[in-house]
Protein chains: 2
Amino acid sequence: MTAEITLESRHIYSGKILNLRVDRVALPGGGEAIREVVEFRGGVGIVAVDEMGRVLLVRQYRYAVGRDLLELPAGILEPGERPIECAARELEEETGYGAAHFEPLCRFYSTPGGTDEVLHVFTATGLTPGRPRPEADERIEVIPTAWDAALAMVARGEISDSKTVIGLLMAQAGRADSTRAEE
Amino acid sequence: MTAEITLESRHIYSGKILNLRVDRVALPGGGEAIREVVEFRGGVGIVAVDEMGRVLLVRQYRYAVGRDLLELPAGILEPGERPIECAARELEEETGYGAAHFEPLCRFYSTPGGTDEVLHVFTATGLTPGRPRPEADERIEVIPTAWDAALAMVARGEISDSKTVIGLLMAQAGRADSTRAEE
């Protein structure tokens, strides 16, 4: 499908985790439109499974939605940081765990109608516990959760963060495939 | 977990699909932080399956990410509109199809670290074809897709929009449960 061409780009805001710009574009079929674009740096989520088969979830207050959410350990890319490096850093900062192996699981656009945010999800195995080092404005509770219990919380809507739902369901689909392949 | 308390809210931008505000908050453990919040009106996605078992996907150019994406039919809530009404309206506008039945499948936060966006996903059945009525700035191609082919595109990362990945995987999990229940 043909691209929309930027005619004018108006910078509105530069911030800590996001920028906002408003562009005027030429539509492929003729005419113009306004496109509001929130620029994020992109981020990662980590499906980390410990030696007892539990997935590490974190509970934290999310100001934007006004409530606690249960999520995968996650974070935002530092400038120039590779997603896999970010995954290792955030897993350790938020949970204290190091991991021997990180594997890319999937990546997705969180809300491509209005933002450019890409989230990269990794699986992490070979975990070694350590001491969490959350950022100054983060309060995070680590909750190791049995795999089936985590999937049940997805099914019941108690886990409702996109990267967490996608990470758990994609990892589960991969497990189902491995099981079939071994049969 | 204790909430963060708003000390000051600075309105930055009001737009067509989003607003931006920047708040100063008191942290539960003491101290303050800045929270950037993109306000969206919320939206819907629809997993609509036709009489041949195909799911209706739509391909459209997404300016924010600079490429075409294959997605569920979807859209933004009008002021005062209920999600299920929005689902019926958007399905018809984007694909031309009406549906006899809409059922809530799940809802999720697309990116709760920086936005309040909630996406409501419905299943739609009992489809009747009609004539699409896209908005003036939308160019949408409707692609009815075999269920297994759609899941394979999710597994290969060719479908990478959060609501579409979540809608297809949650609907698939529901189907697997029904199959087990019938056995």
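From the N terminus on, the elements of chain A follow the order β-β-β-β-β-β-β-α-β-β-β-α-α. In this predicted model, the secondary structure of chain A thus comprises 3 helices and 10 strands. The C-alpha trace of chain A spans about 60 × 45 × 30 Å along its principal axes. Of the 183 residues in chain A, 38% are buried. Among contacts in chain A between residues at least 6 apart in sequence, 58% join residues at least 24 apart.

The domain assignment divides chain A into domain 1, covering residues 5-39, and domain 2, covering residues 41-182. Taken over C-alpha atoms, the centres of domain 1 of chain A and domain 2 of chain A are separated by 31 Å. Domain 1 of chain A contributes 5 residues to the contact between the two domains, and domain 2 of chain A contributes 4 residues. On the side of domain 1 of chain A that touches domain 2 of chain A, 3 residues are nonpolar, 2 are charged and none is polar.

Within chain A, A:Ala87 illustrates a buried position. This residue lies in helix α1 of chain A, which covers residues 83-95. A:Ala87 counts as buried because 30 other C-beta atoms lie within 10 Å, where 20 or more are required. Apart from its neighbours within four places in sequence, A:Ala87 is in contact with A:Val44, A:Ile46, A:Phe102, A:Phe122 and A:Ala124. One of these partners, A:Val44, is 43 residues from A:Ala87 in sequence, yet the C-alpha to C-alpha distance between the two is 6.0 Å.

In chain B, three strands were examined as a sheet. An open sheet of 3 strands has the order β6-β5-β10 in chain B, with antiparallel pairing. Its edge strands are β6 (67-71) and β10 (141-146) of chain B, each of which pairs on one side only. Neighbouring strands of this sheet are turned against each other by 30 degrees on average, direction ignored. Strand β5 of chain B, residues 54-62, pairs with β6(B) in the antiparallel sense over 5 bridges. In this region B:Gln60 stands opposite B:Leu69 of β6(B). Helix α2 of chain B (residues 147-155) lies across β5, β6 and β10 of chain B and runs at about 100 degrees to β10(B).

The two chains were then compared. Chain A is superposed on chain B by a rotation of 180 degrees with 0.0 Å of shift along the axis, at an RMSD of 0.0 Å. This is the relation of a two-fold axis. The C-alpha of chain A nearest the axis belongs to A:Ser110 and lies 2.7 Å from it. Both copies use the same surface, since 100% of the contact residues of chain A recur in chain B.

At the interface, 55 residues of chain A are in contact with 55 residues of chain B. At least two residues of the side of chain A that touches chain B come from each of β1 (5-14), β2 (18-26), β3 (32-40), β5 (54-62), β6 (67-71), β8 (98-109) and α3 (162-182) of chain A. The most is given by β3(A), with 7 residues. By class, the side of chain A that touches chain B has 30 nonpolar, 11 polar and 14 charged residues.

How values were computed:
Residues numbered from 1 in each chain as written. Chains lettered and ligands numbered in written order. Predicted model: local features only at pLDDT ≥ 70, side-chain atom pairs only at ≥ 80, totals over all residues. Least-squares fit on C-alpha atoms with pLDDT ≥ 70 in both. Contact = placed C-beta atoms within 7 Å. Domains from an automatic or database assignment. Nonpolar A, V, L, I, M, F, W, Y, C, P; charged D, E, K, R; others polar. Helix = DSSP H or I, 4+ residues; strand = E, 2+ residues; numbered from the N terminus. Pairing = 2+ DSSP bridges. Axes fitted to C-alpha atoms, helices over the stretch in contact; angles between N-to-C directions. Buried ≥ 20, exposed ≤ 12 C-beta atoms within 10 Å, placed from the backbone.
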